[in-house]
Each structure stands twice: as structure tokens, then as C-alpha cells.
Amino acid sequence: DGAAQLDLLPTVHRGDRVGVVVAKGQMRKQVEASVAENIKPGDPVPKVTDVSIGGFPFLTQVLFGKFTDIGVGIDGIPTPGPKISSVKAHLKGLHVPLGDALTDNVGQVPVDDVRATVGITYADLNAFLAKQAVKVQVAPVDGGKKVELSGTVDGPFGLGSTKVSGITTFEVTNNELTLVPSALSVVGGLNFTIPVSFQIPVPIPVSGLPFHLRIVKASTNATGLSLTATAKDVVLPAS
């Protein structure tokens, strides 16, 4: 009996690998359908760049109809704010009945939790900021541990434009991201008041995220903003 069980192991492993390939294709369809729900007419269609299946053993997940961790990458999500460079999400607890999985006839898929990282580069953020009423630009310092802000204001007595600099933080409240200037000063030692408009927080729209994700935290690194977004009790539409 032991020898027979050993003989079956290669077949089980092959079935596991084949099953992963099939499931990846199924999950890609579900994710693409979910992303398409948020697309407005005329908007470019985001691209699902990667699908991975975590958890072991895979066939046990199929048998019980619940996948532990599906990782997906999505690029090209349209937004009214700065371009989103990428979304990397982990879908935890996907409920797919065994019969649906075996027949490749998957309907709506309930998902317990989704956690994602949303990336925005400094270049794309600056392109957005350049179009705002108060034109500022940002740049990372010390590998993005701090972000400097700079811009120009009209100097007093007709002296022309004067450069203003400072630091900025990025805050998230109720799913809204804002750039908050602080420690502003006039470059060159001129003594005049920095306009109030330059000191007001700048809203940065981030919408259209898949899976009904809501941003909850913003951090910075050497390349740009890294936003943490979460969602609970999501239902992926039938593919």
C-alpha cells in the first residue's frame, strides 16, 4: 500500500500544478470583470499583469472551496488625479464552490478581505501638481524618508517671482489623500509673508480603484507614494 501511495504522488503533484494553471486563468477572468465594473465609457481598460495563488496545498483549497491568498497586479487604472503606476493586491478568502471550479463555470465570488498597495511616482504626482492653481513640485530626500516641496510666489513690490520651499506630508482621512505643506520658508532670505493659498493642503484625487478599495494610509519612498488600501466582504462579478 505504501508503494502504491508513493506511485500516486507524481500524479497528485502534476494535478496540483495543472490545477494552479487553470485556477489562475479563472481568477484572472474574475479580476478583469471586477476591474471593468469601474471603467467609464472611453476610459482605457486596465491590464491585469500578474496572478499568483498562495497557500498550500492547492488541491485542498479547491476541495474546501476557499482560496487562502490570491495575488494580483493591475496597471493602467484611470483616475482623475495623478496616474497610478500600479496596484498590487492580495485577496484573502475567496469562496469558489468545488463544482464551479471543476467545470470552469464560476459565478460571483465572495472575498473576505482585500489589501493592496497603490503606487504613484513622484514624476506622475508632479505632472498632476503642475496643473493645479498653486503650482508646487515635490522631491524625495534621504531615500524618501522626507519629501521636500518647492514652488514660486509673486514677490513684494514688483520684485518678480520668489522661490518658496519646505517639507510636505501626505495624509489620508475618510478615503481622501491630501498633500499638507509645512515648515515653508522663502529662499534667499527675503522677508515677506508666504501667500495663504500656498499653505493650504492640496487634495489629490485617488478613485476608481478595483474591489471597492479605500485608501487608509500613505507613506513615501525613493520613487514615490505608496498607498495602503483595504476592503472587506467584496464580491467579484461573474466572468
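Let's start at helix 4 (residues 122-129), where Tyr-122, Leu-125, Asn-126, Phe-128 and Leu-129 are buried. Looking down the axis of helix 4, these buried residues fall within an arc of 155 degrees, so they line one face of the helix. Do keep in mind that this is a predicted model, with an average pLDDT of 84 for the protein chain.

**Confidence**
- Of the residues, 87% score at least 70 in pLDDT.
- Helix 1 (residues 2-36) has the lowest confidence, at a mean of 62, while strand 10 (residues 214-220) has the highest, at 97.
- Over residues 1-15, pLDDT stays under 50, and the model has two contacts beyond four places in sequence for them.

**Salt bridges**
- Searching the whole structure turns up three salt bridges.
- Lys-66 pairs with Asp-112, their closest N and O atoms being 3.5 Å apart. Lys-66 lies in strand 2 (residues 66-75) and Asp-112 in strand 4 (residues 109-121), so this pair ties together parts 46 residues apart in sequence.
- Lys-92 forms a salt bridge with Asp-69, with 3.1 Å between the closest N and O atoms. Because Lys-92 sits in strand 3 (residues 86-95) and Asp-69 in strand 2, the pair ties together parts that are 23 residues apart in sequence.
- Asp-113 and Lys-232 meet through their side chains at 2.5 Å, N to O. This pair links distant parts of the chain, with Asp-113 in strand 4 and Lys-232 in strand 11 (residues 224-236), 119 residues apart.

**Exposure of the paired residues**
- Lys-66 is partly exposed at 39% relative accessibility, and Asp-112 is partly exposed at 25%.
- Lys-92 is partly exposed at 37%, whereas Asp-69 is buried at 15%.
- Asp-113 is partly exposed at 28%, whereas Lys-232 is exposed at 62%.

Terms used. Residues are numbered from 1 along each chain as its sequence is written. This is a predicted model: local features need pLDDT of at least 70, side-chain atom pairs count only at pLDDT 80 or more; totals for chains, interfaces and linings use all residues. Side-chain values use heavy atoms; hydrogens and water are left out. pLDDT is the predictor's confidence in each residue, from 0 to 100. Helices (H or I, at least four residues) and strands (E, at least two) are DSSP runs, numbered from the N terminus. Contact means heavy atoms within 4.5 Å. Buried means under 20% relative accessible area, exposed over 50%, partly exposed in between (1.4 Å probe, protein chains only). The arc is that of the directions from the helix axis to the C-beta atoms. A salt bridge is a side-chain nitrogen of Lys or Arg within 4 Å of a carboxyl oxygen of Asp or Glu.
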